[in-house]
Amino acid sequence: MNIAVKPDLLGNEARAQLARKSQLLIGGRFVDAADASTFETFDPATGRKIADVAKAGAADVDAAVKSAQLALVGPWSKLAPAERERLIRKLADLIEARMDMIAQVESLDSGKPVEYIKFVDVGLSVGAMRYAAGWPTKIEGDTLPVGAPNMLAYTRREPVGVVGAIVPWNFPLCQACFKLAPALAAGCTVIIKPAEQTPLSALILGELALEAGIPEGVVNVVTGYGDVGQALVDHPGVSKISFTGSEEVGKLVAARGAATLKHVSLELGGKNPNIIFADSDVDAAAATAAMAIFFYTGQICSAGSRVMVERPVYDRVCAVIQAEAGKLKIGHGLSSDTTLGPLISAEQFARVSGFVERSRDSGVEATTGGAKPGGELEAGHFFLPTVLTGATDDVEVVRQEIFGPVVVVQPFDEVDELVDRANASNFGLAAGVWTQDVRKAHAVAAALKAGTVWINTYNQFDAAAPWGGFKSSGYGRDNGREGVEKYLQTKTVWTNYA
């Protein structure tokens, strides 16, 4: 296994950013928490402290909501749609221009490889902004052909109001942008609550929104723990919650949001089947399957964590995935040649290693990995890329989301059996299908209960393509037309012109 030692690769702009005090953004100003509380954020690759960050409380959430409410009925509502478009485009340009700084700070905070962040996270963030920027001038109502005489009836599409955007730790920048961009396009104001493990990029995003000229109070950022998100969900001044995170917390958000009849959208977890048929380009499918699980150390809700292989090519697929695992370079995310960073925290390490240890008790074999690398990586939350075989469908590692670099490879014999087994999961976020038979590909894609199905590819994303899940993977969609429409509400206007 290749090991990359952390170099000192922080640029001057990233150093300057990290040297600044990490405060809340409320009403266009960076301020301390009302009670001056702070919390620490750590580098998961070394365990070293990065910064003290303002820890918001209920009073800070209330101040952010009031600020967002004032902006909603004030300068933001008075801007022409074309002007909203210009400002969102300006924000996209600034994110792109600060790519290196953002990627370095995000890598230090999350452990993700810096080159991946530039290409994936920043690229998706800029794409989301530019896509959403085209929408303000295209949000239209309809004239309705009502039956009553001398009546004109039409609809208006109006912003839903103040949005609480609760963002996960695995994609802190682009998940914030997936929520912020369409909300701004719809004319909403937003309060971003980043995960406590990765708060820094959301603060940079808020700063860039001000630099772009977006009016004060339109974008607010409150950092802290779960009680901050709960305060947003409970606050009567917040009209919508857009949440990405775990199934467990998503259920709590939905239940608590019901008390004030909030609009709620949830993007939750996945246990995603990646299906390889014998008639596919097997080596390419298996190599992509390895990337589908090991990318960002498996800490991605769309991870292809369950590879289902037609039996004649099962051994070959296992061999390729194991070989690809051996090529990964484990190290600090700031090293340009790192391809596998650490898990986000000690808690996540314990979760992932616990799944693997318990699977062994069920007769599952780790044919590669399954442990922590030693040496200079001992202080970080690193876990070797792991391939599990010999698992039956009732075993925990087949049913539950692990959220680590752990893949279960299972054989199948018949298509009907395959579809039933793939759909037996409580989750329904994504799936992959690999075959050169176009009829079989689309038949299986239609039968799978998943919000996204990739055919002969995996983990393709675009701001124009809706993203979200079935079943316990949540409801509502980010991206695309649906991603904008969830931040709008419809008003019908009747006029008697007799």
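Mentor: Buried means under 20% relative accessible area, exposed over 50%, and partly exposed in between (1.4 Å probe, protein chains only). This is a predicted model, in which local features need pLDDT of at least 70, side-chain atom pairs count only at pLDDT 80 or more, and totals for chains, interfaces and linings use all residues. Residues are numbered from 1 along each chain as its sequence is written, and side-chain values use heavy atoms, with hydrogens and water left out.

Trainee: Is A195 buried or exposed?

Mentor: A195 lies in the loop between β9 (189-193) and α8 (200-211); helices (H or I, at least four residues) and strands (E, at least two) are DSSP runs, numbered from the N terminus. The relative accessible area of A195 is 7%. Because buried means under 20%, A195 is buried.

Trainee: Which residues does A195 touch, not counting residues up to four places away in sequence?

Mentor: Contact means heavy atoms within 4.5 Å. By that criterion, A195 touches V167, P168 and W169.

Trainee: Which strands stand at the edges of the open sheet formed by 3 strands?

Mentor: Two strands pair if DSSP finds at least two bridges between them. The order is β6-β7-β24, with antiparallel pairing. Each edge strand has a single partner, so one side is left without a neighbour in the sheet; these strands are β6 (143-144) and β24 (488-496).

Trainee: Which residue stands opposite P159 in β24?

Mentor: Strand β7 (residues 151-159) runs antiparallel to β24 and is joined to β24 by 9 bridges. Opposite P159 stands L488.
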